[in-house]
Amino acid sequence: MQRDWPDIWGGAVLAVTGLCVAIWSGLRLDFGTLRAMGPGFFPTVLGVALAMLGVAVAVPALRRGAEPVPVRLGDLAAVIASILIFGLGMEWLGMVPACFIAVLTASVPAPCKGWLWRLVLAVAVTAVTFVVFELGLQMGLPVWPGQ
């Protein structure tokens, strides 16, 4: 049995990312106070929370062993592709089509077969995204192509 390297590395990446975000936003943005939060308050607090989460994941993993986890490149490619589709497709396709296609792409490596549940999942996630970001937060994101 070997150390739990996936959790050690994953926790370390989270901790370093959180520290970098907290330090960057703490140095460049106004933190403000609890009553009048500045633009740096939220990213700094989230960075510290992410760093603490990373430590909470990595430290216990140092003491335990784990079986090696095989890396499935097809699954990894599907997740990265869905992130790219959503990120790059927001401007070209709009939020609704980009989210729908991204969810469908991310669900491809799932062990459950069939397309009905994938379509239902994509419609549900897209509807929640639309309600939260367009109706709730009124972010003014392009919803459909050409907007």
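Analyst: A definition to begin: helices are DSSP runs of H or I, at least four residues, and they are numbered from the N terminus. The model is predicted.

User: Let's apply the helix labels. Where is Gln138 placed?

Analyst: Gln138 sits in the segment after α5. Helix α5 itself covers residues 116–136.

User: What is the phi of Gln138?

Analyst: The general idea comes before the case. Most residues other than glycine have a negative phi. Gln138 has a phi near 50 degrees, a positive value in a residue other than glycine.

User: Is Gln138 buried or exposed?

Analyst: Gln138 has a relative accessible area of 65%. The cut-off for exposed is over 50%, so Gln138 is exposed.

User: On to helix packing. What describes two packed helices?

Analyst: Two values do: the angle between the axes and the distance between the axes. Now the case of α1 and α2. Helix α1 covers residues 5–28, and helix α2 covers residues 41–63. Their axes come within 7 Å and cross at roughly 160 degrees.

User: Why does α1 count as roughly antiparallel to α2?

Analyst: The crossing angle is roughly 160 degrees. Angles over 145 count as roughly antiparallel, so α1 is roughly antiparallel to α2.

User: Which hand does the crossing have, left or right?

Analyst: The crossing of α1 and α2 is left-handed.

User: How do the residues of the contact of α1 with α2 divide?

Analyst: There are 17 nonpolar residues, eight polar and one charged.

User: Let's turn to rings. What describes a pair of aromatic rings?

Analyst: The distance of the centres and the angle of the planes. This structure holds one aromatic pair. Phe31 and Phe41 have ring centres 4.9 Å apart and planes at 45 degrees, so the pair is tilted.

User: Where do Phe31 and Phe41 lie?

Analyst: Phe31 is in the loop between α1 and α2, while Phe41 is in helix α2. Ten residues separate them, and the pair links distant parts of the chain.

User: What lies over the face of Trp115?

Analyst: Arg118 does, at 5.2 Å from the ring centre. Trp115 belongs to the loop between α4 (95–106) and α5. Trp115 is exposed, with 52% relative accessibility.

User: How are C-alpha distances read against sequence separation here?

Analyst: Put the two values side by side. Trp115 and Val128 are 13 residues apart along the chain, with C-alpha atoms 20 Å apart. Ala127 and Cys99 are 28 residues apart, with C-alpha atoms 9.4 Å apart. Ala106 and Ala81 are 25 residues apart in sequence, and their C-alpha atoms are 7.7 Å apart.

User: Where are Ala127 and Ala106 found?

Analyst: Ala127 is in helix α5, and Ala106 is in helix α4. Ala127 is partly exposed at 39% relative accessible area. Ala106 is partly exposed at 34% relative accessibility.

Terms used:
Residues are numbered from 1 along each chain as its sequence is written. This is a predicted model: local features need pLDDT of at least 70, side-chain atom pairs count only at pLDDT 80 or more; totals for chains, interfaces and linings use all residues. Side-chain values use heavy atoms; hydrogens and water are left out. Axes are lines fitted to C-alpha atoms, for helices over the stretch in contact, and angles run from 0 to 180 degrees between N-to-C directions. Helices (H or I, at least four residues) and strands (E, at least two) are DSSP runs, numbered from the N terminus. Angles under 35 degrees count as roughly parallel, over 145 as roughly antiparallel, 65 to 115 as roughly perpendicular and the rest as oblique. A crossing is left-handed if the near helix is turned anticlockwise from the far one by less than a right angle, and right-handed if clockwise. Ala, Val, Leu, Ile, Met, Phe, Trp, Tyr, Cys and Pro count as nonpolar, Asp, Glu, Lys and Arg as charged, and the others, Gly among them, as polar. Rings of Phe, Tyr and Trp (its six-membered ring) pair if their centres lie within 6.5 Å; planes under 30 degrees apart count as stacked, over 60 as edge-to-face and the rest as tilted. A charge sits over a ring if NZ of Lys or CZ of Arg is within 6 Å of the ring centre and within 35 degrees of the ring normal. Buried means under 20% relative accessible area, exposed over 50%, partly exposed in between (1.4 Å probe, protein chains only).
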